[in-house]
Amino acid sequence: MEPLKVTGMVLAASPIGEHDKRVVLLTLERGKIAAFARAARRQNSPLLAGTEAFAFGEFTLYEGRNSYTLIRAEISNYFRELAQDVEGACYGFYFLEVADYYGKEGTDEREMLRLLYQTLRALMHPGLPRPLIRRVYELKAMAVHGENPNMLSCTRCGSREELRGYSARQGGALCSRCMAGERDAVELLPSTVYAMQYILCTDVRSLYTFRVSDEVQRELGMVMDRHRERYMEKRFRTLDILQAMTENV
Ligand SMILES: [Zn+2]
């Protein structure tokens, strides 16, 4: 049987038995897959480091009828800085859990993998505010999977002018005229609407190059919380940990 080579990142790793591991990989070629890594927890195992969360590189697998077995990991980036940075790791694990939530086997996750990789790099960049990185990632991850708030036009009348609010019920922006008729509408600054449009329309590579005011960051956070609570069917364990750690993100 020919082994299969994939490029991807370890989203999660869990111990099995005494020495083995099960890893979840987000890959360019196969979407999200789970693989068994025999003896990967032995100290001298060549798979030891390559089966830790965040490891990115090339993985060689055997494809069985119902499962994959990992035989080699050639890692190009371990994101090791995150291991020495508790707060950074909390953000990182949350980003992995979001990717895990959306990922499925056989779907095209190339854009998500690019987003995840760039976001982890942004996380290790000392000049970038992490609460903003989090909101940009949430919005873009939703957009990659078609679940983002529509911020490009009014969700009620379709107008592109005077977008001044957001409604979770409508799933996106509202113009000033339609705001009045929507009970759960919240008002937004024009620069918050603009920032969200920018994030939605910008390629992953250039995503983490802008700053916003504290007020815009707060509004962006509020919109993303409302949208996540309404449209994502999961409570993220890693988000609870992150929130406990950072309090007022
Ligand atoms: Zn409208």
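Author: The buried residues of helix H1 (residues 86–102) pack against strands S1 and S2 and against helices H2 (110–123), H3 and H7 (237–246). Packing here rests on contacts, that is, pairs of residues whose C-beta atoms, placed from the backbone, lie within 7 Å. The model is predicted: local features require pLDDT of at least 70, side-chain atom pairs count only at pLDDT 80 or more, and totals for chains, interfaces and linings use all residues. Residues are numbered from 1 along each chain as its sequence is written. Helices (H or I, at least four residues) and strands (E, at least two) are DSSP runs, numbered from the N terminus.

The buried residues of H1 are Ala89, Cys90, Tyr91, Gly92, Phe93, Tyr94, Phe95, Leu96, Val98 and Ala99. A residue is called buried if 20 or more other C-beta atoms, placed from the backbone, lie within 10 Å of its own, exposed if 12 or fewer do, and partly exposed in between. H1 has 17 residues, which should span 24 Å at 1.5 Å a residue, and the 25 Å between its end C-alpha atoms agrees with this. The expected span is 1.5 Å times one less than the number of residues.

H1 begins within domain 2 (85–246), while domain 1 covers 4–78; these bounds come from an automatic or database domain assignment. The C-alpha centres of the two domains lie 29 Å apart. Between them, 14 residues of domain 1 are in contact with 18 residues of domain 2. On the domain 1 side, the elements that give two or more residues are S1 (4–16), S2 (20–27) and S3 (31–37). S1 gives the most, with four residues. S1 and S2 are also among the elements that the buried residues of H1 pack against.

Helix H3 (130–144), another partner of H1, is also packed against by the buried residues of H6, together with strand S6 (163–167) and helix H5 (190–201). H6 (residues 214–231) has 18 residues and reaches 25 Å from its first C-alpha to its last, close to the expected 26 Å. Its buried residues are Val216, Glu219, Leu220, Val223, Met224 and His227. They cover an arc of only 130° around the axis, which puts them on the same side of H6; the arc is that of the directions from the helix axis to the C-beta atoms. An α-helix has 3.6 residues a turn, so residues three or four places apart point the same way. The face of H6 turned away from the buried side carries the exposed residues Asp214, Glu215 and Glu229.

The loop between H3 and S6 holds Glu162. Its phi is near 50°, a positive value in a residue other than glycine. Glu162 counts as partly exposed, with 15 C-beta neighbours inside 10 Å.

Of its 249 residues, 37% count as buried. Among contacts between residues at least 6 apart in sequence, 53% join residues at least 24 apart.

Notes. Two residues are in contact if their C-beta atoms, placed from the backbone, lie within 7 Å.
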